[in-house]
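Please look over the model shown here.

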Amino acid sequence: IRPVDISILPKDVKDHLEKDLYRLYELIWKRTVACQMAEARLKQTAVDIDAKGTGYELRANGQVIEFPGFMKVYKESTDDGDENGENILPELEAKDALDAKGFDSKQHFTKPPPRYTEASLVKKLEAEGIGRPSTYAPTISTIQTREYVKREARTLFPTDLGMIVNDLLVKHFFGIVDYKFTAEMEDQLDQIAEGKKKWVPVIDEFYKPFHKLIVEKSDSIKKEDIIQETTKEKCDECGSKMLVKFGRFGKFLSCSNYPDCKFAKPMEGSGQPKIDPATVKKFKDAKCEKCGEPMTVKMGRFGEFLGCSGYPKCKNIKSIPKYVENVVCPKCKAKLVQRFTRKGGKVFYGCSAFPKCKFATWNKPVKKCKCGGLIVEKGKKLVCEECKAETELKGASKK
């Protein structure tokens, strides 16, 4: 991003822009000018100070600016140190007399490296020479779509699935799941694109040993060895050992006597969605329409549903509709129900009378508007889909 005209100084447009727009233009202008300027020269410096009368010797570590260069225009702010990320020391000579203006007592604890954010992950990829600007966004999107990581407050956390996949690949494909391999392969592909290398020898050198390794690991690696662990916990129903298994929602405990005993339960702290006891009570007498066996409440990708207890002989299932309280369809007055799209599982709200009534909305309905339309949640506001009237979400969020 560059200014259209570098001669238009930030101070020239300050009176014509909003505060945030002015600060953005100032940032872009300063970085553009700074990237055309000479590098700064700094001396890594340690100063030993004799604190006379105290019996202590103090040390100050930092940098002394020899030549400011681009720093005259732009300094990058960081979490520690000064604007440049270092303690900038004044020019000092040996034997200089210093005055003690004050002392700050600070305690520091060793901290683990911070978890990646999308921005810091891109910086890491750039530093290792992996990927290109056009591939960073798809890469980050893929690891989230496949649920290898989850994003919480801008920070990326590995999921159970991500940990298992990572451990498997590092253990069995360590030569390929490696920073250097990826960077070198991309360099070779660049050389192919530039006509400096032939693509057949490059791919041949990689593919033959890779294919051999895939065939070998396909025969030797068993699913049970990867996603199954033995625990000391006993089954609540038959007393057999419980195994840690990996399912759609992460790790869970399952009886080792399966399929004779089908007892299973979520692991503590696994974050798995739990079945509501009220739902179990509501459908305790439900029978399978196909075989007459009792129906049990189960948890699936899209929430709770009824499944036949005679599984796998009978695979009958039945959805448990999740109705929207106190709101009806504005077209036919039938109940509104929460649904999911076939691709991606995105939540939307539709009429329970479908396909006779095809009313649907992406936003959660809250109540009926005076104009007859539906008031829905949109971000932090309540908006009527008909008259577009807006109110704050305070009341709805409390509900």
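Predicted model: local features only at pLDDT ≥ 70, side-chain atom pairs only at ≥ 80, totals over all residues.

Q: How many aromatic pairs are found in the whole structure, and are the rings of Phe 181 and Phe 206 stacked, tilted or edge-to-face?
A: The whole structure has 3 aromatic pairs. Planes under 30 degrees apart count as stacked, over 60 as edge-to-face and the rest as tilted. Phe 181 and Phe 206 have ring centres 5.8 Å apart and planes at 40°, so this pair is tilted.

Q: Where do Phe 181 and Phe 206 lie, and how many residues apart are they?
A: Helices (H or I, at least four residues) and strands (E, at least two) are DSSP runs, numbered from the N terminus. Phe 181 belongs to helix α6 (residues 179–193) and Phe 206 to helix α7 (residues 199–220), so the pair links distant parts of the chain, 25 residues apart.

Q: Is Phe 181 buried, partly exposed or exposed?
A: Buried means under 20% relative accessible area, exposed over 50%, and partly exposed in between (1.4 Å probe, protein chains only). With a relative accessible area of 23%, Phe 181 is partly exposed.

Q: What kind of aromatic pair do Phe 348 and Trp 362 form?
A: Their centres are 5.9 Å apart. With 70° between the planes, the pair is edge-to-face.

Q: Is Asn 316 buried or exposed?
A: Asn 316 sits in the loop between β10 (303–308) and β11 (317–319). Leaving aside neighbours within four places in sequence, its contacts (heavy atoms within 4.5 Å) include Cys 288, Met 295 and Leu 306. Its relative accessibility is 10%, so Asn 316 counts as buried.

Q: Are α3 and α4 parallel, perpendicular or oblique to each other?
A: The axes of α3 (residues 118–128) and α4 (residues 133–145) come within 11 Å and cross at roughly 120° (lines fitted to C-alpha atoms over the stretch in contact, angles from 0 to 180 degrees between N-to-C directions). Angles under 35 degrees count as roughly parallel, over 145 as roughly antiparallel, 65 to 115 as roughly perpendicular and the rest as oblique. The two helices are therefore oblique.

Key: Residues numbered from 1 in each chain as written. Heavy atoms only, no water. Phe/Tyr/Trp six-rings, centres within 6.5 Å; stacked < 30°, edge-to-face > 60°.
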